[in-house]
Amino acid sequence: MGAQVFRDFTKSYPVIVRGKGPYLYDREGREYLDAVGGISVVNIGHGVEEVIAAMRAQAERVAFVHGGAFANEPAMALAEELARWAPAGMDKVLLLSGGSEATETAMKLAFQYHLERGKASKYRIISRWTSYHGNTIGSLSMSGRTAWRRLFAPQLLHFPKIHPPYCYRCPYGQSYPSCKIACAEDLERTITFEGPESIAAFIAEPVIGTSAAGVTPPPEYYPRVREICDKHDVLFIADEVITGVGRTGRNFGIEHWGVVPDIITTAKGLSSGYAPLAAVILHEKVYGAIVKGSGQTTQGFTFSGHPLCCTVGLAVLKYLKEHQLVENAARIGKFMLERLTSLKRFPIVGDVRGLGMLQGVEFVADQATKRPFPAEVGVTRRIVEGALAEGVMIVPGMSGMIDGALGDHIQISPPFVFTEANVEQLVGAVEKAIQKVMRELPARA
Ligand code: PLP
């Protein structure tokens, strides 16, 4: 066998050669509407000239310097701009290359924060089932994604998990508001059972991304999480790798709840995919403790603060502002949610949810009982393939959000340049895919 790029040994993919706005084109000239921005990445659309020009100009000046030896202007300017985007008090920025690097680094900085304050026993992170924080051992240990954890279970760190705020299938069999946000209260119970002296941080995606796309907690959820964390000297890490830089219609997703976290991780849309880029943004409280303590951190990688990638980040943030794309994400997101909600007229559509440009559609065998399809029916895969046949790209949500194994859903997270017409094309394609699946479904499903 010859040389091969490997990702999934069982599949072959269309070869994409060009992109413009919300569209991608393959080698055969076929057009795809990219309704997931790659994978919640391409927020400003493909082929933006301003970003390409900025990259070229920076490459001509200098593409790389080592952050351990030199500072560079794009990194300094990007840190300043990101601090303007972030909640008040969060202006210390570490620039990295990807989401897993960011969450892994956030985890280690949470440990270091407590170490610097003489609390070495705080060595565990609480997270939620039905979550994804990355694929390195530390970040996978925080992730509640059962399918990806299984193979490496013996190597994963022992981090406790609580239930997600998944109201459509409340893990406590209750409904909002009479539930009194039992899912948030479970954080306090878990901290108490585990022993607050052992818990360094709680990490959560403000709106769930790939594991149960679009699941959005009730208004009291994060304020209560913040209170519980403060009470037990536990840091709150908002993993905004997907929800950051505008995807939910606000600069950062957590702003919808009026809560300021201690650490924010962000990646994906920060560079809109034009270069690998991520950031960890620290609250003054965390930064101050480290500066007052050892005054040092070893959290860095070869490509941290890469001048070319930071130039891209700056150009993307500028483009988002100049074209008011965060506002557009809020506006078109609202329209898209309405249009997708109309799909509930099909008996296999159980739930439609989301905020801004991060939405999900969950499929069920029975709308009344919410009974899921057996995994072998492959409903998610069939819907995604059906939409692709109509020229629209969506991504399969990870199965397993119900019980670790079952659950069908799709993720829809378009570029912020999406128009009403793009939304209609997307909804039309999903509709056709649903109708096709309904025709093909085995009678027993
Ligand atoms: N955190 C969240 C919320 C994510 O959705 C992802 C990736 O999908 C990651 C972390 C990991 O990011 P990366 O794939 O860039 O390592």
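Biologist: Where is Lys-268 found?
Modeller: This is a predicted model. In it, Lys-268 sits in the loop between strand E9 (263-266) and strand E10 (278-283).

Biologist: Why is Lys-268 called partly exposed?
Modeller: Its relative accessible area is 22%. Buried means under 20%, and exposed means over 50%. The value for Lys-268 falls in between, so the residue is partly exposed.

Biologist: What is the phi of Lys-268?
Modeller: It is positive, about 25 degrees, although Lys-268 is not a glycine. Lys-370 is not a glycine either, and has a positive phi of about 65 degrees. That residue is in the loop between E12 and helix H12 (379-389).

Biologist: What makes Lys-370 partly exposed?
Modeller: Its relative accessible area is 28%. With the limits at 20% and 50%, Lys-370 therefore counts as partly exposed.

Biologist: Why does Pro-396 count as partly exposed?
Modeller: Pro-396 has 47% relative accessibility. Exposed would need over 50%, and buried under 20%, so partly exposed is the word for Pro-396. Its place is in strand E14 (residues 395-396).

Biologist: Which residues is Pro-396 in contact with, leaving aside neighbours within four places in sequence?
Modeller: Thr-380, Val-384 and His-409. Contact here means heavy atoms within 4.5 Å. Gln-411 is 15 residues from Pro-396 in sequence, and their C-alpha atoms are 6.2 Å apart.

Biologist: Which peptide bond is cis?
Modeller: The one from Tyr-176 to Pro-177, with omega near 5 degrees. Pro-177 belongs to the loop between strand E6 (161-162) and helix H7 (182-194).

Biologist: Now the helices. How do you know that the span of helix H4 agrees with what it should be?
Modeller: H4 has 18 residues, 99-116. At 1.5 Å a residue, they should span 26 Å. The end C-alpha atoms are 25 Å apart, which agrees.

Biologist: Why is H4 called largely enclosed by the rest of the structure?
Modeller: Because 13 of its 18 residues are buried. Just after H4 comes Gly-118, with a positive phi of about 80 degrees.

Biologist: What about the span of helix H11?
Modeller: The 17 residues of H11, 325-341, should span 24 Å. The end C-alpha atoms are 23 Å apart, which agrees.

Biologist: Which residues of H11 are buried?
Modeller: Leu-325, Val-326, Asn-328, Ala-329, Ile-332, Gly-333, Met-336 and Leu-340. In general, an α-helix has 3.6 residues a turn, so residues three or four places apart point the same way.

Biologist: What do the buried residues of H11 pack against?
Modeller: Helices and strands. Among them are helix H3 (73-85), helix H10 (307-322), strand E11 (349-355) and helix H13 (420-440).

Biologist: How many helices and strands does the chain have?
Modeller: There are 13 helices and 15 strands.

Biologist: How do you know that the radius of gyration agrees with a compact globule?
Modeller: A compact globule of 445 residues would have a radius near 22 Å. The chain has 22 Å, so the two agree. Along its principal axes, the C-alpha trace spans about 65 × 55 × 50 Å.

Biologist: What share of the 445 residues count as buried?
Modeller: 56% of them. The accessible surface of the chain is about 19,000 Å², with 57% of it belonging to carbon and sulfur atoms.

Definitions and conventions
Residues are numbered from 1 along each chain as its sequence is written. This is a predicted model: local features need pLDDT of at least 70, side-chain atom pairs count only at pLDDT 80 or more; totals for chains, interfaces and linings use all residues. Side-chain values use heavy atoms; hydrogens and water are left out. Helices (H or I, at least four residues) and strands (E, at least two) are DSSP runs, numbered from the N terminus. The expected span of a helix is 1.5 Å times one less than its number of residues. Buried means under 20% relative accessible area, exposed over 50%, partly exposed in between (1.4 Å probe, protein chains only). The radius of gyration is taken over C-alpha atoms; the globule rule is 2.2 Å times the number of residues to the power 0.38. Accessible areas come from the Shrake-Rupley method with a 1.4 Å probe; for residues, only the protein chains shown count as cover.
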